[in-house]
Amino acid sequence: GQCIFDALQSSAHLLKANYAWADVRYSRKRGTNMKRKILFPQISGLMHGGDYNPEQWLDRPDILEADVQMMKEAGMNCATLGVFSWTTYEPQEGEFHFEWLHKIMDRLYENGIYTILATPSGARPAWLDEKYPEAMRVDAYGVRNHHGVRHNHCMSSPVYREKVATIVNKLVDEFGDHPGLVMWHISNEFGGECYCPLCVARFQKYLADKFHNSIEELNKEWWTTFWSHNYNDFSQIEPPYQNGEFSNIGLNLEWKRFTTWNMTDYMKHEIAILRERTPKIPITTNFMKLYDGLDYHKMAEELDVISWDSYPAFHNDYESFSDTLGENAFDHAVMRSMKKDRPFMLMESAPGLVNWHPYNKIKRPGVHQLASLQAVALGSDTVQYFQWRKGRGSFEQYHGAVVDHLGTNDTRVFKEVAELGETLKKLSDVQGSVTKAEVAMIYDWDSRWAIDIMKGLSQETKNYPKTCIDTYRNLMRFGVDVDVIPSTADFSDYKFIVAPMLYMLKPNVAERMKTFVENGGHLLATYLTGYVDENQLNFLGGFPGDGLKDLFGVISEEIDTLYPSDTNAVHFPDDMVGQVRDYAEVLRVNDARTYATYESDYYAGMPAVTVKDTGKGSAYYVAARLDNESMQNLFGRILKRAGVSIKRMPLGVECHTREADGKVYTFYLNCSEQEQSVSDVHGYDLITEKQMDGTLTLPKYGVAILA
Ligand code: GLA
Ligand code: ZN
């Protein structure tokens with residue numbers, strides 16, 4: 001009884017505050033201090049291009065001739081060459097052929113098409129694996145792979161590094177000062193793991209460095225006394241083989257971190273050659289969404305520009321179209337936030353369809369323009385494709401391309417690409433502008449790995465990435481741009497930070513959160529916050545640990561994992577009811593105010609959402625996984641209270657902003673499948689080339705970009 005009474009008292013207080021929040025008006029002037037950053041000064045305007053594999057067509061000069069002509073018709077100004085060209089460059093060890101690429105790069109350049117040149121290390125020649133089997137990976141059972149496929153070199157192999165260095169140096173000799181060369185693309189879609197003896201040795205060395213050559217320290221941090229898993233020496237430590245030690249969570253996590261470290265080390269080996277020999281040419285590699293196997297935040301530090309490959313499952317049967325696009329927006333935001341002072345690149349996207357989704361549906365008319373401009377809206381200065389022309393054979397013969405097997409420029413797909421090319425030309429002014437977000441969400445690879453590795457909750461519903469994507473989409477409803485940052489990023493740029501399920505607290509994160517709130521920031525954390533430190537040892541004395549229980553004014557005493565059929569709800573003061581799914585923590589509230597309470601079960605009436613003010617800001621704790629609508633409601637209130645400029649968007653309409661040198665570009669994207677209207681829109685529409693003042697009506701998939 002006491003508990004409910006307290007809850008209502010304090011909720012009434014908070015509710016009053018809510019009405020006050022509604023009065024906060026747009027408080028911040030945009031477009032004042034963001035500097036334009038042009039990625040490629042050689043190219044005027046946004047980049048339009050894609051992966052081009054002329055080496056597959058060297059016996060068809062007529063096709064190579066047609067390619068250049070058609071690229072111009074499609075409004076392309078760049079092509080990515082050489083991604084898997086090793087055997088064409090070097091058909092036998094030490095025998096090199098580059099004339100073909102000279103001809104093609106020259107011809108492209110003469111026709112205004114610039115080259116992004118890849119290093120060919122994404123797939124190895126057969127002669128290499130035959131002669132140097134150490135280049136082939138070993139799997140998690142300790143079995144050496146046979147030759148084949150791609151993206152599967154051993155990251156430690158000295159021989160492979162040497163062979164790659166040779167071919168990369170040759171590429172620089174041949175093309176390093178080609179006027180058409182604008183960028184190096186390192187390998188392709190790094191991924192996977194290797195359990196070979198060379199990698200094991202490097203892992204042991206990595207661990208010895210990390211734990212100061214003290215096996216006692218490692219034993220302590222990994223809690224190895226449990227099940228008598230203590231080690232006497234670093235040489236005893238094996239990777240988490242599937243038929244070996246997969247039960248030590250410390251080992252499992254460190255193996256993931258090591259794999260990122262080792263892959264990055266491999267990548268740096270290629271980068272070092274290029275940086276030294278062609279210091280003016282920027283370097284990238286292509287990322288894949290939230291790929292689980294590598295901490296992209298760490299790899300990003302070594303790159304000049306972030307690029308990634310976007311392949312949403314458009315028109316699927318399990319979510320709305322706007323949710324598909326919303327997840328894509330989230331992915332773009334992840335990439336953009338890795339280098340906030342510059343645009344990123346959409347390195348690959350499918351002009352028509354892909355061949356590797358469970359069902360390979362065609363992109364409906366209009367979706368190409370929408371999805372491509374969504375990338376630009378989120379901060380990409382390029383729209384690029386995999387691939388320019390469909391190959392006749394092998395694994396990807398049915399993967400969509402700008403030019404189909406039909407070979408003509410009058411297909412629907414070609415025409416949509418060419419139309420987009422025309423639109424991109426109108427957007428040259430957007431080039432180099434960036435996004436100034438007032439809101440951030442924390443997404444942390446280490447926390448994700450730790451959540452997945454930990455035994456507990458339900459493996460079926462942990463869903464850390466999905467929770468972050470939902471959070472992003474919920475925030476996007478308010479027309480705000482959201483940066484997606486690691487917990488180690490600077491918090492001071494933001495007014496509101498959401499930290500969903502931040503299970504792991506690295507050193508100083510709690511401290512910096514406290515400073516953020518004291519200085520006026522609004523911080524929202526959820527169930528599963530701050531259970532473990534960076535080595536996954538639990539904090540003692542109450543979660544959220546490392547001092548956060550004081551910042552939030554709560555202690556999470558228990559966490560309940562619900563079966564899919566279990567239901568509970570939370571009640572907010574203004575009759576709003578939120579549905580609880582999957583997880584519910586039972587809180588002990590110290591000095592926070594209770595904002596919402598549980599409806600049922602033994603924790604009925606107990607706090608589920610709380611707030612505590614500290615200094616000039618507030619810390620909100622959401623103890624249960626709530627439905628999207630309630631989270632949107634809550635976010636709406638907090639955004640207003642935090643003084644963030646918001647504009648509630650119709651369902652499925654996205655609003656993103658880029659700015660530079662005092663100019664602001666606002667993108668409205670209708671990612672719903674009906675016509676939608678947004679009121680009070682002002683600016684010069686770069687696509688229709690007309691001034692817009694009033695209500696903007698967008699057809700299904702329609703886009704407007706207002707300067
Ligand atoms: C990835 C690769 C490409 C190609 C496409 C197909 O993004 O980088 O080489 O295989 O997938 O969608
Ligand atoms: Zn290896």
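Tutor: A place to begin is the contact in which C199, R202, F203, Y206, L207 and K210 of helix 7 meet L251, E254, W255, R257, F258, W261, N262 and D265 of helix 9. Keep in mind that this is a predicted model.

Student: What makes helix 7 roughly perpendicular to helix 9?
Tutor: The axes of helix 7 and helix 9 (residues 249-277) cross at roughly 105° and come within 10 Å. Angles of 65 to 115 degrees count as roughly perpendicular, so helix 7 is roughly perpendicular to helix 9.

Student: Why is the site of the zinc ion (ligand 2) called tetrahedral?
Tutor: The zinc ion (ligand 2) is coordinated through the SG atoms of C154, C194, C196 and C199, at 2.3 Å. Four donors count as tetrahedral if all angles lie between 85 and 135 degrees. Here the angles among the four donor atoms are 103 to 119°, and the site is tetrahedral.

Student: What spacing do the donor residues of the zinc ion (ligand 2) have in sequence?
Tutor: The spacing is C-x39-C-x1-C-x2-C. C154 lies in the loop between helix 5 (126-131) and helix 6 (158-175), while C199 is in helix 7 (residues 197-210), so this pair ties together parts that are 45 residues apart in sequence.

Student: How do you know whether C154 is buried or exposed?
Tutor: Buried means under 20% relative accessible area. C154 has 0% relative accessibility, so C154 counts as buried. C199, with a relative accessible area of 1%, is buried too.

Student: Why are helix 2 and helix 4 described as roughly parallel to each other?
Tutor: Helix 2 (residues 61-73) packs against helix 4 (residues 99-110) at an angle of about 25°, and their axes are 10 Å apart. Angles under 35 degrees count as roughly parallel, and therefore helix 2 and helix 4 are given that description. On the helix 2 side the contact is made by L64, E65, V68 and M71, and on the helix 4 side by I104, R107 and L108. Helix 2 passes helix 4 in a right-handed crossing.

Student: What makes L524 count as buried?
Tutor: L524 lies in strand 13 (residues 522-526). Its relative accessible area is 0%, and under 20% means buried, so L524 is buried. Not counting residues up to four places away in sequence, L524 touches F496, I497, V498, A499, Y620, V622, M631, L634, F635 and I638.

Notes. Residues numbered from 1 in each chain as written. Chains lettered and ligands numbered in written order. Predicted model: local features only at pLDDT ≥ 70, side-chain atom pairs only at ≥ 80, totals over all residues. Heavy atoms only, no water. Donors = N, O, S within 2.8 Å, 3.2 Å for Na, K, Ca; no water. Tetrahedral: all angles 85-135°; square planar, octahedral: opposite > 155°, others 65-115°. Helix = DSSP H or I, 4+ residues; strand = E, 2+ residues; numbered from the N terminus. Buried < 20%, exposed > 50% of the residue type's maximum accessible area, 1.4 Å probe, protein only. Axes fitted to C-alpha atoms, helices over the stretch in contact; angles between N-to-C directions. Parallel < 35°, antiparallel > 145°, perpendicular 65-115°, else oblique. Left-handed = near helix turned anticlockwise from the far one by under 90°. Contact = heavy atoms within 4.5 Å.
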